[in-house]
Every structure is written in C-alpha cells, then in structure tokens.
Amino acid sequence: MNNHEALNILDESWSKQRLIEKIKKGHSSQRIVQDFINENKGNLEIVINLLNQKNNNVLSYMEEIANCELNL
C-alpha cells in the first residue's frame, strides 16, 4: 500500500458522518479514538513513517486544518 492509499483510507475512516453515527450510538470520544487507532494501525504507521521522512511542518499544517474545522 502506498502513502496516498493509506491517507485516503484514514480520511474515509474518520469521516464526520461516521463519527456522528458512533456518537448517536452512545460511543464516548475516547472509545471512538481508540477504535480508530486499533482499526487503522497499519495505515497510521505508514503516515508516521511518512511524517518522519518529510518536513515536520506537515504536523503544524494538519493542526491548523483541524482548528479551521473546529471553528466551522
């Protein structure tokens, strides 16, 4: 699996619609995050390796995107 595929799978796994469905079912935020990590360990490792190889500014960009989403 390449980096692009791993990122797409993670993006789809963390969709707002999926999160809303889990919240409606009564899942806590801690459980949702833990389930996401458990279900996506391989893809997360790919992204971690990618980040280790690339410029660390990517993390700050991702944080800024998350802040924008929160403000929306």
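This report describes a few residues and side-chain pairs in a predicted model.

## Basis of the values

The model is predicted, so local features need pLDDT of at least 70 and side-chain atom pairs count only at pLDDT 80 or more, while totals for chains, interfaces and linings use all residues. Residues are numbered from 1 along each chain as its sequence is written, and side-chain values use heavy atoms, with hydrogens and water left out.

## Serine 13

Serine 13 belongs to helix H1, residues 3-13. (Helices are DSSP runs of H or I with at least four residues, strands are runs of E with at least two, and both are numbered from the N terminus.) With a relative accessible area of 18%, serine 13 is buried. (Buried means under 20% relative accessible area, exposed over 50%, and partly exposed in between, using a 1.4 Å probe and protein chains only.)

Leaving aside residues up to four places away in sequence, serine 13 touches Arg18, Phe36 and Asn40; contact here means heavy atoms within 4.5 Å. The side chains of serine 13 and asparagine 40 are also joined by a polar contact of 3.5 Å. (A polar contact is a pair of N or O atoms within 3.5 Å; within protein, one must be able to donate a hydrogen and the other to accept it, and residues adjacent in sequence count only if both atoms are side-chain atoms.)

## Tryptophan 14 and phenylalanine 36

Tryptophan 14 is in the loop between H1 and helix H2 (16-24) and is partly exposed at 37%. Phenylalanine 36 is buried, at 14%.

The count of aromatic pairs is one. Its rings, those of tryptophan 14 and phenylalanine 36, have centres 4.8 Å apart and planes at 65°, so the pair is edge-to-face. Because phenylalanine 36 lies in helix H3 and tryptophan 14 in the loop, the pair ties together parts that are 22 residues apart in sequence. (Rings of Phe, Tyr and Trp, the last by its six-membered ring, pair if their centres lie within 6.5 Å; planes under 30 degrees apart are stacked, over 60 edge-to-face, and the rest tilted.)

## Salt bridges

The whole structure has two salt bridges. (A salt bridge is a side-chain nitrogen of Lys or Arg within 4 Å of a carboxyl oxygen of Asp or Glu.) In one of them, glutamate 69 pairs with lysine 16, with the closest N and O atoms 3.7 Å apart. Glutamate 69 lies in helix H5 (residues 57-71) and lysine 16 in helix H2, so this pair ties together parts that are 53 residues apart in sequence. Lysine 16 is exposed at 53%, whereas glutamate 69 is partly exposed at 45%.

Aspartate 35 and arginine 31 also meet in a salt bridge, at 3.5 Å from N to O. These two residues are four apart in helix H3 (residues 29-39), and therefore separated by about one helical turn.
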